[in-house]
Amino acid sequence: MRLLAGICAAGGSTRMGFDKLSTPPSLHSPDTLLTRAISAASGHDTVIALPPEDHPYHLARKALLQPQDRVILVAGAEKGLSETLKALATEARAGDYDGLIVLLADLPFVTRAHLEKLTEFFETFEGARIVRAMDETERGGHPVIFPASVLPDFAALSGDDGARMVIEHYGVKQVAMPSGAATWDVDTPDDWRKL
């Protein structure tokens with residue numbers, strides 16, 4: 001089954017006051033949130049959604065990529081996550097993929113093993129169901145794998161609610177991930193300090 005891993009890295013980090021995706025969390029940790037997400041997606045065709053070239057964080061994020069990394073620029077990313085999701089869905093449909101893996105770049109503890117487990121679960125449903133990672137409290141998180149059949153619905157998304165309406169319409173099968181990896185994201189300076 002051919003899946004496209006779409007890394008959501010077009011946001012403006014507005015609550016942080018700096019670019020959380022391209023800044024190493026400590027002097028002892030040279031990796032960044034964006035490079036961790038790219039590593040987690042390895043093994044899949046991957047596309048990284050970045051802000052437009054005139055965005056203040058564009059160059060720093062692009063500098064972390066390898067020449068062979070596939071990139072799309074998301075015009076209107078400041079309108080919310082939905083703009084990124086629409087761009088990724090368009091890319092997956094154009095490439096005739098069986099599904100789209102949505103991976104938020106600010107989830108520092110999602111690994112390649114988590115993604116493989118999610119993919120195996122998606123394949124048990126023959127690519128016909130939305131599959132979503134959840135934490136140990138059964139709270140839904142990311143990554144989420146969307147079958148190709150639901151991607152046309154992404155055109156109606158708006159704002160910062162992500163694909164909530166698509167998930168509510170079609171239902172979801174959830175897969176447990178250990179240690180809160182699916183829901184522990186870096187949204188505030190306090191989250192950053194905990195890294």
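This is a predicted model: local features need pLDDT of at least 70, side-chain atom pairs count only at pLDDT 80 or more; totals for chains, interfaces and linings use all residues.
**Helix 4, faces.** Next I asked which residues of helix 4 are buried. They are H114, L115, L118, T119 and F122. Seen down the helix axis, these buried residues fall within an arc of 135 degrees, so they line one face of helix 4. I noted the general rule: an α-helix has 3.6 residues a turn, so residues three or four places apart point the same way. On the other side of helix 4 I found E120 and T124 exposed.

**Helix 4, length and end.** I checked the span of helix 4, residues 112-124. Its 13 residues reach 19 Å from the first C-alpha to the last, close to the 18 Å expected at 1.5 Å a residue. After helix 4 comes E126, and I noted that its phi is positive, near 55 degrees.

**D19, location.** I then turned to D19, in the loop between strand 1 (3-8) and helix 1 (33-41). Is D19 buried or exposed? D19 has a relative accessible area of 5%. Buried means under 20%, so D19 counts as buried.

**D19, partners.** I looked for polar atoms around the side chain of D19. The side chain of S22 makes a polar contact with that of D19 at 2.6 Å. A polar atom of the D19 side chain also lies 3.2 Å from the backbone nitrogen of L21. Setting aside neighbours within four places in sequence, I listed S13, Y57, A60 and R61 as residues in contact with D19.

Conventions
Residues are numbered from 1 along each chain as its sequence is written. Side-chain values use heavy atoms; hydrogens and water are left out. Helices (H or I, at least four residues) and strands (E, at least two) are DSSP runs, numbered from the N terminus. Buried means under 20% relative accessible area, exposed over 50%, partly exposed in between (1.4 Å probe, protein chains only). A polar contact is a pair of N or O atoms within 3.5 Å; within protein, one must be able to donate a hydrogen and the other to accept it, and residues adjacent in sequence count only if both atoms are side-chain atoms. Contact means heavy atoms within 4.5 Å. The expected span of a helix is 1.5 Å times one less than its number of residues. The arc is that of the directions from the helix axis to the C-beta atoms.
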